Amino acid sequence: MILIGVIGSGAMGSGIAQVAATAGHEVLVFDSNAQALEKSKAGLEAVYLRLVEKQKISREAADLILKHIRFVSGLDEFKDCGLVIEAIVENLAVKQAVFAQLEGIVTADAILATNTSSLSITSIASACSKPERVMGIHFFNPAPLMPLVELIPGIATRAEVFFKAKDILGTWKKELVTAKDTPGFIVNRVARPFYGEAIRIYEEGFADFATIDWAMKELGGFKMGPFELMDMIGNDINYTVTETVWTQLFFDPRYKPSITQKRLFEAKRFGKKTGQGYYNYSGSEALPVPKKNNELGNDIFLRILCMLINEATEALHLKIATREDIDQAMTKGVNYPKGLLKWADEIGLGLVYKLVSHLHQEYGEDRYRPSILLKNMARTEQNFYQ
Ligand SMILES: NC(=O)c1ccc[n+]([C@@H]2O[C@H](COP(=O)([O-])OP(=O)(O)OC[C@H]3O[C@@H](n4cnc5c(N)ncnc54)[C@H](O)[C@@H]3O)[C@@H](O)[C@H]2O)c1
């Protein structure tokens, strides 16, 4: 089995190391911050102790896996790695410097991958003299629990590199989807309206956070409402992803961030981790009570769902991924109750198109422009799946 290298031992790097080691690989982990490396080691030991206590794994198996994860103090130790996954700070210049350095260490056939959420794979690869062996392998947080992994070839990635990585990841018990190297890949692009449209509905005074969350859970079947989810992800992370996707898509109004979330970000009301976000988690305030009005709830749910379907349709139209991969990405990457394109077939593309084009006409904003594919399919009464 090939040796795996993980660079960065923060939340993602530690999780990826755990996944690779659990799949039977020997894993090397490097972080430029020695404390982060120590923290990751202690964290992984605690994870396996819990798994042993819960009888999910034997003590012997846990010890073996932990023995297979080696924390190293320099990148030079990565010379025998067949696949290196980088999960360091989300900064293009820093990532490019690490990839350029890595190229001088590993062998010619090693695959170099980045776990970036929002940077272009192609731009990271451009720092290498062999960009054809660089690709994106995008895990979701927490990596050991979230089943989805997006595989993203850059424009220079060789097909055999991509398929070799896919074969390796195929043994890691993950659901693999392939995405084009475009901002946000599949999940972080298609999911934008779940947050953005919910905030818009709130900003216009149609409903409060609790009512919108209630509608999406109770009537839509989502595990969490948009505001609860943003507070869990962190408004710092969620806002930054929105702003990055919007900027990288040349300020397309569809992805425009909201002032409401920006202010929370500025106030460091990141959500659960800071004790306050859209909601107050300090326990000093009673949680707001939703207005359980089914008619209002249904309007909210349908408006957000149709905006999500419009986005999924546009992703299909732009060939960012196949219909199956788009649906799998949203159910396995963000726990949506159904694939959005399957859902569209169920409620009817005619209804989705009518609702989105009504918003477009009413507001006169490009944010609501219907996907041309949605328009054509609705007009010809087609479904995504037969
Ligand atoms: N957190 C998420 O939800 C999430 C999900 C998917 C992908 N990602 C991506 O994964 C990457 C890591 O995110 P994270 O949340 O684990 O970050 P993190 O801040 O928890 O960890 C990053 C680690 O990288 C280390 N580091 C920074 N520069 C380094 C360098 N030059 N060499 C070696 N180590 C270095 C830091 O010391 C830190 O320990 C980012 O690209 C992020 O966009 C994050």
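Predicted model: local features only at pLDDT ≥ 70, side-chain atom pairs only at ≥ 80, totals over all residues.

I started with F185, which counts as buried because it has 28 C-beta neighbours inside 10 Å, where 20 or more are enough.

F185 sits in the loop between β8 (175-178) and α7 (187-190). I looked up its phi and got a value near 50°, positive in a residue other than glycine. Most residues other than glycine have a negative phi, so I went looking for another one like it.

I found F250, with phi near 55°. Its place is the loop between α11 (235-248) and α12 (259-266).

Next, peptide bonds. I noted a cis one joining N141 and P142, with omega about -5°. P142 belongs to the loop between β6 (134-139) and β7 (148-153).

N141 came up again at the ligand: it is among the closest of the 23 residues around it, along with G8, G10, M12 and A36. Two elements give two or more residues to this shell, α1 (11-22) and α4 (92-103). The most come from α1, which gives 3. By type, I have 11 nonpolar, 10 polar and 2 charged residues in the shell.

Last, the whole chain. I list 17 helices and 8 strands. The radius of gyration is 22 Å, close to the 21 Å from the globule rule for 386 residues, so the chain is as compact as a globular protein of that length. I also noted that 48% of the residues count as buried.

Note on methods
Residues numbered from 1 in each chain as written. Near = placed C-beta within 6 Å. Helix = DSSP H or I, 4+ residues; strand = E, 2+ residues; numbered from the N terminus. Nonpolar A, V, L, I, M, F, W, Y, C, P; charged D, E, K, R; others polar. Rg over C-alpha atoms; globule rule 2.2 N^0.38 Å. Buried ≥ 20, exposed ≤ 12 C-beta atoms within 10 Å, placed from the backbone.
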